Amino acid sequence: VTTPAEVNMNGYNRKSAQKRRYDMPKYAVALKKKATKERIPQPKNTVAMLNELRHGLIYKLESQTGPVHAPLFTISVEVDGQKYMGQGRSKKVARIEAAATALRSFIQFKDGAVLSPLKPAGNLDFTSDEHLTENGNKSIIETDIFERIKDIELATTNNPLEHLQPKPLHESNLYRKNAITVDGQKKVPDKGPVMLLYELFNDVNFDCINIDGAQNNCRFKMTVTINEKRFDGTGPSKKLAKNAAAKAALASLCDISYSPMVVPQKNVPLPIDDKSSSMELPQIHADTIGRLVLEKFMEVIKGQEAYSRRKVLAGIVMTENMNFCEAKVISVSTGTKCVSGEHMSVNGAVLNDSHAEIVSRRCLLKYLYAQLDLQCNQATAYQSIFVRNTDGQYPYKLKSGVHFHLYINTAPCGDARIFSPHENDTGVDKHPNRKARGQLRTKIESGEGTIPVKSSDGIQTWDGGQRLLTMSCSDKIARWNIVGIQGSLLSSIIEPVYLHSIVLGSLLHPEHMYRAVCGRIEKSIQGLPPPYHLNKPRLALVTSAEPRNQAKAPNFGINWTIGDTELEVVNSLTGRTIGGQVSRITKQAFFVKYGFLMKNLPGISVRKVTTDYGQTKANVKDYQTAKLELFSAFKREDLGSWLKKPIEQDEFGLNE
């Protein structure tokens with residue numbers, strides 16, 4: 001009997017009808033489970049098989065033709081120096097075709113018979129399914145080629161593909177063949193570094209480490225591990241740090257570079273007469289130089305972190321026979337300011353220019369003096385980087401194979417930085433004939449930035465009342481590439497010493513940098529007395545480029561030279577240490593060292609220095625001839641006149 005509560009307003013029972021129970025037959029037999037068929041392993045596609053036989057292959061899209069709804073892709077792959085093509089209505093099919101073509105070229109039967117050609121992939125009917133198998137997802141090419149490969153494996157010995165297996169990385173140079181070249185010139189890969197790294201290697205592991213960005217303005221550090229080798233990258237974001245780590249790995253393992261010194265594939269070659277290939281320092285060496293300088297800076301700044309603030313960091317690294325495993329950091333420095341005119345010294349007791357790269361070069365001078373000191377004692381002479389020069393006009397010269405490398409964390413001020421960092425074409429100057437290109441420029445007293453030199457005789461006066469001007473770092477580096485980095489005093493003792501390379505931490509524009517350091521005078525320089533010549537240093541950018549530091553530049557700078565027990569902090573505006581003392585790298589300090597060498601160094605004819613500092617420099621004839629020829633070359637190119645400091649600052653002598 002149905003209760004009223006169970007009847008709704010329409011008179012229907014609201015209980016749902018119960019399902020009929022299924023009664024099995026009395027003698028029913030339990031259902032048997034379907035017998036599972038043994039799973040047949042699917043064959044690898046041609047791309048996978050080819051990658052097992054030849055590591056690190058790069059597939060390149062050659063063309064895309066046909067209508068939008070039915071495109072035809074052509075993809076190529078280079079194997080052992082031979083290019084193989086494949087076509088298909090998708091990139092995947094075209095890649096499989098190219099791999100199949102490559103496989104057919106070198107896989108043979110045991111009796112020597114080669115694989116027969118497969119059906120060409122051209123002129124496909126995109127409305128038919130003939131190119132697919134019954135299940136609609138496997139290409140005939142894949143199935144056919146792997147049936148043949150299976151036959152080969154069955155017909156051969158226990159290790160059938162042994163003769164085709166690539167050698168281990170440490171025994172083979174296969175990966176290094178993958179540096180992308182076109183017409184013999186290295187090119188920047190089309191793909192990003194992380195994607196390319198994953199394509200070339202199977203075992204790629206990235207790890208992220210947060211780091212304090214106070215020192216080098218980088219907040220993240222990424223480490224990538226490949227074949228038990230570790231590569232680091234830093235950047236202001238995880239993405240940029242990951243890219244930097246991938247670039248470092250590709251440069252080391254595959255000799256693939258993303259440096260702006262390498263011509264991008266989509267751009268025309270650099271208009272510097274094909275010098276880019278010879279001008280580029282290998283990426284792995286550039287990264288080593290940058291890392292060594294940064295690590296040394298972090299080491300020497302310990303205990304004085306208050307002076308770690310900086311905008312520009314520079315350093316010089318020395319190598320012997322290009323052995324970067326035993327490279328030595330000679331100097332480290334920071335700074336971006338010049339001395340104020342009111343603090344100029346008449347006895348050479350202040351630093352006029354405290355820009356980091358200029359200070360690092362002065363630290364190198366201190367090191368060169370110390371190395372010549374070793375020659376004063378016969379017991380220590382063998383430790384020196386200098387040797388007696390028996391067949392030249394100079395008493396001493398550098399040992400063969402000794403090279404110096406300058407690192408700056410950004411482009412030097414002046415001509416090397418007169419460009420927009422957001423230019424699309426990083427390799428080509430769109431306005432090479434602009435008046436500002438190549439002009440000599442000066443730093444402003446107590447400030448930052450540079451201005452073009454005015455048309456004058458190039459001499460500043462002590463009592464002129466105008467702001468003191470100093471030549472830009474780009475101009476001074478160009479000068480070093482003519483007269484050397486040893487200075488005029490040491491030029492009476494040793495042969496000219498030139499920089500082997502310049503490595504930047506950011507803002508490397510190949511054409512602007514090349515023009516600034518040597519290119520603007522290469523056609524007009526002439527009459528240099530041997531062994532002086534136009535030096536063309538190799539250029540490079542580190543993979544972990546430093547981001548722009550927008551903080552205000554401090555008024556101090558630090559310097560450290562190998563052999564120093566502690567760093568020195570200099571007030572850039574006064575040119576003295578923060579304690580008011582004379583710096584150890586001033587003109588005065590070097591003139592004293594020069595006087596000591598003249599008295600004690602074997603092989604020196606004139607033992608006594610009788611003239612003041614300025615006249616002693618003027619007496620080094622070949623150096624002065626090379627310097628005047630440099631100034632004339634700038635004038636001939638209409639690039640301005642070299643601006644000199646007041647002559648009064650060099651009229652000091654040695655204390656008896």
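**Reading the cavity and the confidence**

Student: Which residues line the largest cavity?

Tutor: A cavity is a set of points on a 1 Å grid over the protein atoms alone where a 1.4 Å probe fits but cannot get out; lining residues have an atom within 4 Å of a point. Here the lining consists of Thr334, Leu351, Ser354, Val359, Gly557, Ile558, Asn559, Val570 and Ser572. This is a predicted model, in which local features need pLDDT of at least 70 and side-chain atom pairs pLDDT 80 or more, whereas totals for chains, interfaces and linings use all residues. Residues are numbered from 1 along each chain, and side-chain values use heavy atoms, without hydrogens or water.

Student: Which strand gives the most to this lining?

Tutor: Strand β20 (a DSSP run of E, at least two residues), spanning residues 556–561, gives the most, with three residues. By class, the lining of the largest cavity has four nonpolar and five polar residues, Gly counting as polar, and no charged ones.

Student: How many cavities of 30 Å³ or more does the whole structure hold?

Tutor: The search finds three, and the largest has about 40 Å³ of space, filled by probe spheres set on the points.

Student: What is the mean pLDDT of the chain?

Tutor: On this confidence scale from 0 to 100, the chain has a mean of 80, and 73% of its residues reach 70 or more. Among the elements, helix α3 (H or I, at least four residues) at residues 140–155 has the lowest mean, 47, and strand β14 (residues 402–408) the highest, 98. Over residues 264–277, pLDDT stays under 50, and the model has 29 contacts (heavy atoms within 4.5 Å) for them beyond four places in sequence. Where pLDDT is low, predicted coordinates should not be read in detail.

Terms used
1 Å grid on protein atoms, 1.4 Å probe; cavity = no way out; pocket = protein on both sides within 12 Å on 5 of 7 lines; lining within 4 Å. pLDDT = per-residue confidence, 0-100.
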